[in-house]
Amino acid sequence: MRRQRICGLTLAAVLLLLPVLAARAQDGQPTVMTEPTAADFIEALSPRTRSLGADSTTRGLLARPSINIHVRFEFGSARLTDDAKQVLAELAAALASTELSGYRFLIAGHTDTVGSDEFNLLLSERRARAVREYIITIVEVEPGRLQDVGWGEARLIDPGSPEGGVNRRVEITNIGGR
């Protein structure tokens, strides 16, 4: 039962992220922010329309706003460091803002390729869940507005440097209104 729920959530997340992936193909590789402010989060996660391609079927689609952030965890664990808590306090403030309060968000954990595929997948899931739980506890964000998923090493931001620290990140994506 739990496995079916996880598979269903993962499939839903993939389908929700397809416009993001298409936007990346047009815009190039995203960057990872290390010390974003609440204003940075609001700017990055606010909905906007833009053309994703030349043909009329993709022109004007609502791009799924997304931001990659560097969240520091204790080595090999999902325990947040004090630095991580500061970054997440800014994210929480942004999510509670009037600009973003009507939207839901996907919190995706990513790892590098150090360690086994299975370990990295589980670690990324635990880290995404830790981020979600921390945000819920520090600000009154409805739990239903936040979904979490772990991608492990499946979606490297820098495939040319698979063990690079830039691949260890948390991605926040606006997945639409309530």
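Here are a few questions and answers about how this predicted model is put together.

Local features need pLDDT of at least 70 and side-chain atom pairs count only at pLDDT 80 or more, while totals for chains, interfaces and linings use all residues. Residues are numbered from 1 along each chain as its sequence is written, and side-chain values use heavy atoms, with hydrogens and water left out.

Q: What makes a stretch of the chain a helix or a strand?
A: Both are DSSP runs, numbered from the N terminus: helices are H or I over at least four residues, strands are E over at least two. By that rule the chain has 4 helices and 7 strands, in the order α-β-α-β-β-β-α-β-α-β-β.

Q: Why is a set of residues called a nonpolar core?
A: Because its members are buried Ala, Val, Leu, Ile, Met, Phe, Trp, Tyr and Cys residues, joined through side-chain atoms within 4.5 Å. The largest one has 28 residues, and L45, I69, V71, L95, I135 and I172 touch the most other members. Helix α3 gives the largest share, 7 residues. Apart from this core lies another of 5 residues, including W151 and I175.

Q: Which residues does I135 touch, not counting those up to four places away in sequence?
A: With contact meaning heavy atoms within 4.5 Å, I135 touches L88, L91, A92, L95, I107, V141 and L146.

Terms used. Buried means under 20% relative accessible area, exposed over 50%, partly exposed in between (1.4 Å probe, protein chains only).
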